[in-house]
Amino acid sequence: MQTNRPLTFDFRLLLGSGLLFVVLSLAWFLDARQPDAVELIPTLTGKPEYCLTCHADLPEISASHPVETFGCVSCHGGERLALDADLAHSTMRGGANPSDLSVAEASCGGSSCHSGSEADDRHHIQRVMTSIQSTYAGAIAGIRYTFGAQTDLNAHLGIRAVTDEETKTGITSLSSFDPASEENPFVQKFGENCLTCHINAAPREGEAYARGTGCAACHSTGEHTLSTAIPYTQCNACHNRGNYDLRTMTFIERSDHPTQRIDDYYQPIGLFTRCEYTLDCVDCHTRSEVMGDGDIHKDQASIEYVQCRTCHGTLEELPLTRTLTDPNDIAFKLDFLNPVMDLKLGDTILVTEKGEPLWNIRVLPDGTYEMIGKATRQYFTFRPVMGTACEQKPDEQESHYCHECHAVEK
Amino acid sequence: MTNLSRRDFLKLARAGFLWLSGALTLGGLIRFLDFEPNPAPKTEFDLGPAANYPLPSRTLLADPPAVLWHTESGFSAMSLACTHLGCTLEDGADGFTCPCHASRFDADGRVTHGPAAQPLSALRIEMTDDNNLILHTD
């Protein structure tokens with residue numbers, strides 16, 4: 001017994017030291033399997049962040065937001081020094097989408113970024129917040145009026161409460177639409193089933209509806225990508241996906257599987273001209289129509305104004321134009337963000353009746369026009385209506401009159 | 001050949017384990033202490049021998065983005081980080097252009113086109129005793 005004691009003690013020491021060695025070796029092994037920390041110090045913040053340790057494979061989000069300048073945390077939030085995924089992501093804004101309207105001001109705002117002054121054309125977030133795309137004011141007013149919940153068609157409610165103290169439309173605010181407080185069961189059901197299309201709504205299930213929310217709903221055209229070259233397919237995540245049935249207050253998904261571009265549009269009674277089913281939505285519809293102009297509007301019709309004549313003119317008038325003489329003209333900025341035209345001082349472009357530049361349409365020396373698709377970069381030329389055999393009556397200038405002759409029957 | 005007793009073998013193995021454990025612990029400690037997760041931004045940049053920048057010369061530096069001049073009056077430098085949001089400016093025939101948001105600056109760093117509102121910053125150049133150039137960004 002006495003002779004065994006020292007051996008047992010030695011043996012225990014051996015086991016202890018061996019166990020210590022195994023534990024430390026295991027710790028080294030596990031640590032060695034971790035990726036090396038990748039440090040980035042964005043010039044904008046000067047503060048190191050380690051997001052690229054795991055996310056180095058993400059594509060650059062846009063030429064205007066290089067990662068070396070912005071880093072990740074400026075927009076996404078999160079714990080910049082954390083190497084543990086759960087901790088790093090714990091304080092991110094908007095989950096994977098910092099442009100969700102609930103956090104867009106913190107992520108995308110700031111006077112130098114997207115919530116600056118109207119004079120500097122940096123009030124993008126204000127424009128989006130008050131736009132029909134996010135208030136859905138027209139649809140809400142229409143349904144409530146139809147079912148007797150309000151006595152006029154004016155906009156009183158929006159998806160969220162919003163104010164515009166410097167309104168040009170006369171609408172200074174909208175209160176939040178609360179379906180649960182509505183008395184009419186149809187309006188309640190509308191609230192339950194039909195609010196999937198405003199840009200901050202979670203999209204319906206299915207690949208055809210896949211989109212982000214907030215700014216990303218329109219501008220995120222791929223994985224970790226922001227763009228102003230927005231193809232019509234992006235718009236189609238909400239538009240042309242089916243129709244609402246007002247009797248049942250349900251959304252009826254389209255059941256066809258279009259193989260031609262013209263059939264991608266889905267309005268059973270709709271008529272489309274060649275340019276409407278060849279170009280992308282953003283080639284004709286202006287930024288204020290689509291993203292809002294900073295004012296609260298009562299419905300879609302009150303903000304949408306581009307017609308066929310905007311580009312083609314009428315029998316008696318050519319379309320409006322502007323010769324670029326100011327290097328600060330907004331057209332140059334838009335062309336810079338999506339460089340399809342290489343505009344130069346002295347170029348003459350088309351403008352709308354509100355003075356918005358149709359900056360991808362340039363007047364050619366022979367009086368015709370050249371246009372480059374903002375998303376497709378396709379080259380087109382076209383001519384004005386004036387001087388053609390068009391027999392349109394002078395008082396019939398809306399697009400639906402053009403459709404009578406120029407639309408393709410589906 | 002010496003016969004190793006059982007006790008000696010245990011001692012040797014134990015010592016081996018302890019030494020290796022100690023080495024692993026020391027290595028881990030060094031690795032831990034060596035890692036600085038939140039370093040202060042670098043403000044001094046060694047540009048190497050002044051002789052690398054002959055008179056007269058104009059040199060674009062990549063890190064930090066800056067332009068270094070060597071003229072009769074000596075060395076001078078200007079930051080090429082855009083004063084709008086910090087993107088690195090591109091050198092052009094009539095000044096510098098921001099590839100991110102199209103701000104433009106003339107050759108002396110004055111704003112000619114927004115959104116930037118502030119001129120480019122002059123940077124301090126120091127010559128060391130052994131004729132090396134140090135660029136200061138603070």
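**Exercise 1. How far apart do the C-alpha centres of domain 1 of chain B and domain 2 of chain B lie?**

The C-alpha centres of domain 1 of chain B and domain 2 of chain B lie 52 Å apart. To find the two parts in the viewer, take residues 1-39 of chain B for domain 1 and 44-136 for domain 2. These bounds come from an automatic or database domain assignment.

A quick note before you go on. This is a predicted model, where local features need pLDDT of at least 70, side-chain atom pairs count only at pLDDT 80 or more, and totals for chains, interfaces and linings use all residues. Residues are numbered from 1 along each chain as its sequence is written, while chains are lettered from A and ligands numbered from 1 in the order in which they are written.

**Exercise 2. Work out how β2(B), β3(B) and β4(B) are connected**.

Step 1: Two strands pair if DSSP finds at least two bridges between them.

Step 2: start with β2(B), residues 57-61, and β3(B), residues 66-71, which pair antiparallel over five bridges. Look for Arg58(B), which sits opposite Trp69(B).

Step 3: carry on from β3(B) to β4(B), residues 74-79, where six bridges join the antiparallel strands. Here Thr71(B) faces Gly74(B) across the pairing.

**Exercise 3. Which strands stand at the edges of the open four-stranded sheet in chain B?**

Step 1: write down the order, β5-β6-β7-β8 in chain B, with antiparallel pairing.

Step 2: check the ends. β5 (90-92) and β8 (111-113) of chain B each have a single partner strand, so one side of each has no neighbour in the sheet.

Step 3: now look at β6(B), residues 95-97, and β7(B), residues 104-105, which are held by two antiparallel bridges. Phe96(B) has Phe105(B) as its bridge partner.

**Exercise 4. Describe the side of chain A that touches chain B**.

Step 1: count. With contact meaning C-beta atoms, placed from the backbone, within 7 Å, chain A gives 27 residues and chain B gives 25.

Step 2: find the helices. α1 (4-33) and α18 (330-337) of chain A each supply at least two residues of this side, and α1(A) has the largest share, twelve residues.

Step 3: sort by class. This side of chain A has 16 nonpolar, nine polar and two charged residues. Nonpolar covers Ala, Val, Leu, Ile, Met, Phe, Trp, Tyr, Cys and Pro, charged covers Asp, Glu, Lys and Arg, and the others, Gly among them, are polar.

Conventions. Contact = placed C-beta atoms within 7 Å.
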